[in-house]
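Trainee: I am new to this one. Can we go through it together, term by term?

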Amino acid sequence: MTETLTRAGVDGAIQADTVIVGAGPCGLFQVFELGLLGIRAHIVDSLPHPGGQCSELYPEKPIYDIPALPVCGAQELVDRLLEQIKPFNAQFHLGQEMVELTVLEDHTFLLRTSTDTRFHARTVIIAGGLGSFQPRRLGVERSDQFEGRHIHYKVKSAAEFTNKRLVIFGGGDSALDWTLEFAGKARSVTLVHRRSEFRAAPASVAKMRDLETTGSIRYIEAIAHAVLGEGDDFRGVQVKTTGGELEDLETDHVLAFFGLHPKLGPIAEWGLHIDKRAIAVDTEKFQTNIPGIFAVGDINSYPGKKKLILSGFHEAALAAFAVAAHLNPAKKIPLQYTTTSPIMQKRLGVAPPPAPPMGDG
Ligand code: FAD
């Protein structure tokens with residue numbers, strides 16, 4: 001969408017040459033490639049930590065197809081990228097989803113995150129992968145209606161739940177950690193999990209079992225079936241046990257921790273050409289249909305695209321040159337090698353000390 005540039009929209013916004021949406025491996029490497037060309041980036045991610053799929057979906061798994069690293073753990077790769085981009089001092093804005101992008105009349109961009117951080121950017125690079133990670137929902141009728149009031153997918157403030165009746169869903173670390181945390185502090189805690197195996201740390205499961213034995217908490221093997229209550233009245237949740245029986249659990253709050261899954265989300269609303277949940281780009285600049293907006297990594301699409309980290313790294317290198325040209329159209333951007341370029345070495349903070357003056361004798 002194109003709007004008239006108004007001071008009201010731009011005032012108070014962070015002025016940025018470039019904003020990267022997504023701090024997965026490709027967004028992180030984008031910081032590096034921009035940094036080599038002297039461009040400092042702001043980088044936004046809805047997750048509270050960088051790393052995208054690598055950190056969120058498979059941190060412990062080994063990756064074997066990163067050039068020159070015969071094997072590298074997924075989280076290790078993220079840690080190495082963070083180390084590599086340190087010299088470029090990118091500003092991270094984590095735990096906030098980029099929800100709005102408006103193209104202004106002068107072809108700059110106004111962006112807003114879910115926590116109301118606003119950017120006035122000259123270029124945008126979308127490295128949103130499969131989308132922003134969202135909590136998996138309870139998935140029963142009317143549960144949306146009570147979200148944030150009685151049904152929660154994260155704990156913003158533990159105090160809100162003290163002395164309340166709680167039903168906690170899930171079998172991973174979050175579900176177990178909060179069960180242990182609220183036992184004795186909440187009026188009652190019922191943990192509901194769909195099967196007898198847990199993904200959570202065995203020590204947490206053992207503690208939960210102890211609490212169950214002493215009657216401090218209740219544990220049920222079941223899934224959510226319905227929300228209890230009429231209209232806007234919330235009474236609790238009905239579950240269906242593995243034996244097929246329905247049981248009403250009267251409660252003040254439901255906390256559901258089913259993990260996160262990526263969703264394209266607001267990016268789909270920004271006027272970009274999207275084909276099968278991916279943004280169409282050219283393969284010279286990785287630019288989208290909107291000049292000044294680029295897309296790299298899993299989120300983009302072009303003939304022959306392969307969703308590999310390696311591909312995203314290549315795309316980030318070319319997109320950085322395109323961003324530099326967009327920011328400074330009159331300037332030629334020469335290709336330089338990090339091995340030999342004094343300016344790049346200075347930016348990297350590895351500039352060799354100046355050679356001592358040559359003696360004349
Ligand atoms: P992602 O890693 O998906 O990161 C995108 C980030 O953008 C996310 O953190 C997301 O929260 C954020 N985001 C999206 N939208 C928004 C928004 N609106 N606002 C704020 N933030 C947003 N690839 C390989 O090359 N080799 C392998 O061996 C390999 N193994 C894999 C194993 C598994 C189990 C999986 C699931 C994937 C594997 N991959 C592998 C694929 C690889 O992980 C992806 O290609 C890579 O993560 C893509 O990186 P990315 O930065 O483009 O996106």
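Trainee: Into which domains is the protein divided?

Mentor: There are two entries: domain 1 covers 4-133 + 261-348, and domain 2 covers 143-256. The bounds come from an automatic or database domain assignment. Taken over C-alpha atoms, the centres of domain 1 and domain 2 are 38 Å apart. One caution before we go on. This is a predicted model, where local features need pLDDT of at least 70, side-chain atom pairs count only at pLDDT 80 or more, and totals for chains, interfaces and linings use all residues. Residues are numbered from 1 along each chain as its sequence is written, and side-chain values use heavy atoms, with hydrogens and water left out.

Trainee: What does the secondary structure come to?

Mentor: Eight helices and 22 strands. Helices (H or I, at least four residues) and strands (E, at least two) are DSSP runs, numbered from the N terminus. Along the principal axes, the C-alpha atoms fill a box of roughly 90 × 55 × 40 Å.

Trainee: Why is Cys54 called buried?

Mentor: Buried means under 20% relative accessible area, exposed over 50%, and partly exposed in between (1.4 Å probe, protein chains only). Cys54 has 1% relative accessibility, so Cys54 counts as buried. Cys72 is also at 1%, and is therefore buried. Across the protein, buried residues make up 47% of the 361 residues.

Trainee: What makes Glu269 exposed?

Mentor: Its relative accessibility is 60%, so Glu269 counts as exposed. Glu269 sits in the loop between β18 (260-263) and β19 (274-275). Its C-alpha atom is 39 Å from that of Thr338, 69 residues apart along the chain.

Trainee: Which residues touch the most other members of the largest nonpolar core?

Mentor: Leu111, Val124 and Ile126, out of 64 residues in that core. Helix α7 (residues 309-327) gives the most to this core, with nine residues. Apart from it lies another core, of 19 residues, among them Leu176, Ala186, Leu191 and Tyr219.

Trainee: What makes a set of residues a nonpolar core?

Mentor: The members are buried Ala, Val, Leu, Ile, Met, Phe, Trp, Tyr and Cys residues, joined through side-chain atoms within 4.5 Å. In soluble globular proteins, nonpolar side chains tend to be buried together.

Trainee: What does Ile126 touch?

Mentor: Contact means heavy atoms within 4.5 Å. Not counting residues up to four places away in sequence, the partners of Ile126 include Val21, Trp270, Phe294 and Ile299.

Trainee: Which residues come nearest to the ligand?

Mentor: Asp45, Gln53, Tyr58, Met98 and Asp298, of the 32 residues around the ligand. A residue is near a molecule or strand if one of its heavy atoms lies within 4 Å of it.

Trainee: How far is an oxygen atom of the ligand from the side chain of Asp298?

Mentor: It is 2.8 Å from an N or O atom there. A polar contact is a pair of N or O atoms within 3.5 Å; within protein, one must be able to donate a hydrogen and the other to accept it, and residues adjacent in sequence count only if both atoms are side-chain atoms. The distance for Asp298 is 2.8 Å, so the pair meets the cut-off of 3.5 Å. A nitrogen atom of the ligand is 2.9 Å from an N or O atom in the side chain of Asp65.

Trainee: Where is Asp116, and what is its phi?

Mentor: Asp116 is in the loop between β8 (109-113) and β9 (118-126). Its phi is positive, about 70 degrees, although Asp116 is not a glycine. Most residues other than glycine have a negative phi. The relative accessible area of Asp116 is 48%, so Asp116 is partly exposed.
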